[in-house]
Amino acid sequence: MKYVDSGTGKMPLISLIAILSISLTVNLPGLAISPIMGKLHEVFHHVTELEIQLLTVLPNLVTIPFILCSGKISNQQNQMFILGIGLGIYTLTGVLYFFADTMIELILLSCLLGVGCGLVIPLAASLVSQYFSGKARTRQLGMKSSLSNFTVIFATLFVGWMASIQWHLSFIVYMIPIIPLCLIPFMTSKYISAHSIKNTPAATQTPAATSTAAASATSTTAASKPGFIAFPGKTAIMMLFCLMALYFMMTYGTEVVSYYLPFSMEHYNLSTGDVGIATAMFFLAATVSGFLLTRIIDFFQKKTMQLAIMLCVIGLFIIPIFHSYWAYIVGVFIMGLGYGVVQPVIYDKTSYVAPTAEKSTAYFSYLLTCNYVGISVVPFIIGAAKRVFEATDDVNFSFLFNGCIVAIVLIIAIWKRKSFVFEADPTYYGSVNPPIPGLKK
């Protein structure tokens, strides 16, 4: 049996693959619809554009309450059951899409898809948090982020190809949950505990040292276990709130690419194919950043978060200033590089803030809700801002506006660069017992 480092020992490679396979599903809702919206206009002549847009919006909106529900009811005893239910609903919906021939059926199935995905999403991150610690966890959260972003690229290309054959075939992408569903037996706590190898440094100590270590272990708090920091209750909530705010702002700021890049590129006479390639560059860059996350942090160290946010700002300003094809590619790509670092680092910090492994699912559910809220509110905030600044016909306004917002986040990140929220390596804080609120290096 092959093993991987978990930070506290070794765990089966098959268990890691099983846990990471959940990430293949988290970004799929709405994906199958986006590339075939034009095709659906041809199939359903009588429906409005709003009804077709609901097929992309509804899964994300319905997902939000079920993310919170999953976080609220999940614990180490029932999380595999909840995961199985979520993946089962997800897969069943994918099958039912093949038999949907009316718009109302597609809309209802989109809602059901959001239910299944919402139950699964928090567990994709919290299971990594529960079984890994330290740099091993940072590395695997980077992999988790990479896989979810890579799935977007794969699914978009696959859906476009399938739609050219028959539009129903596009929904094959919603069968991907079968993979983690079949691998559930390998990610149960019973299987992982039975096949893992734990580090046992106490075995090499003298009897006196062993007694001292045992006494010390008894006196430490539960939060001082590997991968958790003993923040006082209110401080932990404050840290979580700050991470949620940062995740919301970065998701909102960069998601403008998905909503408004097509309008900007088409305004400057670039083709739909060019738009697809430029959009894919964002997810490709985020995938690369996730795979190289620990190396990036080791290289840039304390400046990592600030440089990542700066890349997002630069990318957002390149797009409205330079309007050539390659300028769009470069702007979107460097924005994706920045976001691909920020996202998994925020996941990692949430793991440290959660007081226990069991609480991590609830904490991740709150955090990930901000992601989906950030995605959903982009057109509403941009639309309101356009009316306020009388820029309703300006195709560049959305990027300039969000660029200014993310620039403010960058200023805060530089100002608070020694804070827990903007420090790229949270393991430092775990070395202090008890940790000091507002701890600085």
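**Before the first selection**

This is a predicted model, in which local features need pLDDT of at least 70 and side-chain atom pairs count only at pLDDT 80 or more, while totals for chains, interfaces and linings use all residues. Residues are numbered from 1 along each chain as its sequence is written, and side-chain values use heavy atoms, with hydrogens and water left out.

**Stop 1: the whole protein**

Display the cartoon. The protein has 17 helices and three strands; these are DSSP runs numbered from the N terminus, with helices (H or I) of at least four residues and strands (E) of at least two. Of the 441 residues, 54% are buried. Here buried means under 20% relative accessible area, exposed means over 50%, and partly exposed lies in between (1.4 Å probe, protein chains only).

Next, show the surface. Accessible areas come from the Shrake-Rupley method with a 1.4 Å probe, and for residues only the protein chains shown count as cover.

Among contacts with a separation of 6 or more, 79% are between residues 24 or more positions apart. A contact means heavy atoms within 4.5 Å.

**Stop 2: the sheet**

Select residues 3-5, 9-12 and 197-198. Strands β1, β2 and β3 form, in that order, an open sheet with antiparallel pairing; two strands pair if DSSP finds at least two bridges between them. β1 (3-5) and β3 (197-198) stand at the edges with a single partner strand each, so one side of each has no neighbour in the sheet.

β2 (residues 9-12) and β3 run antiparallel and are joined by two bridges. Select Lys10 to find one end of a bridge: its partner in β3 is Ile197.

**Stop 3**

How many salt bridges does the structure hold? It holds two, a salt bridge being a side-chain nitrogen of Lys or Arg within 4 Å of a carboxyl oxygen of Asp or Glu. Side chains of opposite charge can pair when their charged atoms come close.

Select Asp298 and Lys135. They form a salt bridge whose closest N and O atoms are 2.9 Å apart. Asp298 belongs to helix α13 and Lys135 to helix α6, so the pair links distant parts of the chain, 163 residues apart. Asp298 is partly exposed at 40% relative accessibility, and Lys135 is partly exposed at 44%.

Then select Asp348 and Arg137, whose side chains meet in a salt bridge (3.6 Å, N to O). Asp348 lies in helix α15 (residues 325-353) and Arg137 in helix α6, so this pair ties together parts 211 residues apart in sequence. Asp348 is buried, with a relative accessible area of 2%, and Arg137 is buried, with 0%.

Stay on helix α6 (residues 134-163) and select Thr138. Thr138 is buried, at 8% relative accessible area. Beyond its neighbours within four places in sequence, Thr138 is in contact with Leu293, Thr294, Ile297 and Asp348.

**Stop 3: two loop residues**

Most residues other than glycine have a negative phi. Select Asn269, in the loop between α11 (256-267) and α12 (272-291). Asn269 is not a glycine, yet has a positive phi of about 65°, and is exposed at 72% relative accessibility.

Move to Gln301, in the loop between α13 and α14. Gln301, also not a glycine, has a positive phi of about 50° and is exposed at 52% relative accessibility.

**Stop 4: the nonpolar patch**

Finally, select Phe299, Phe300, Leu307, Met310 and Ile314, which make a nonpolar surface patch of about 460 Å². The elements giving two or more residues to the patch are α13 (293-300) and α14 (304-321), and α14 gives the most, with three. Patches are made of residues with over 30% relative accessible area and no salt bridge; like charges are joined within 9 Å, and nonpolar side chains (Val, Leu, Ile, Met, Phe, Trp, Tyr) within 5 Å.

End on Met310, which lies in helix α14 and counts as partly exposed at 33% relative accessibility.
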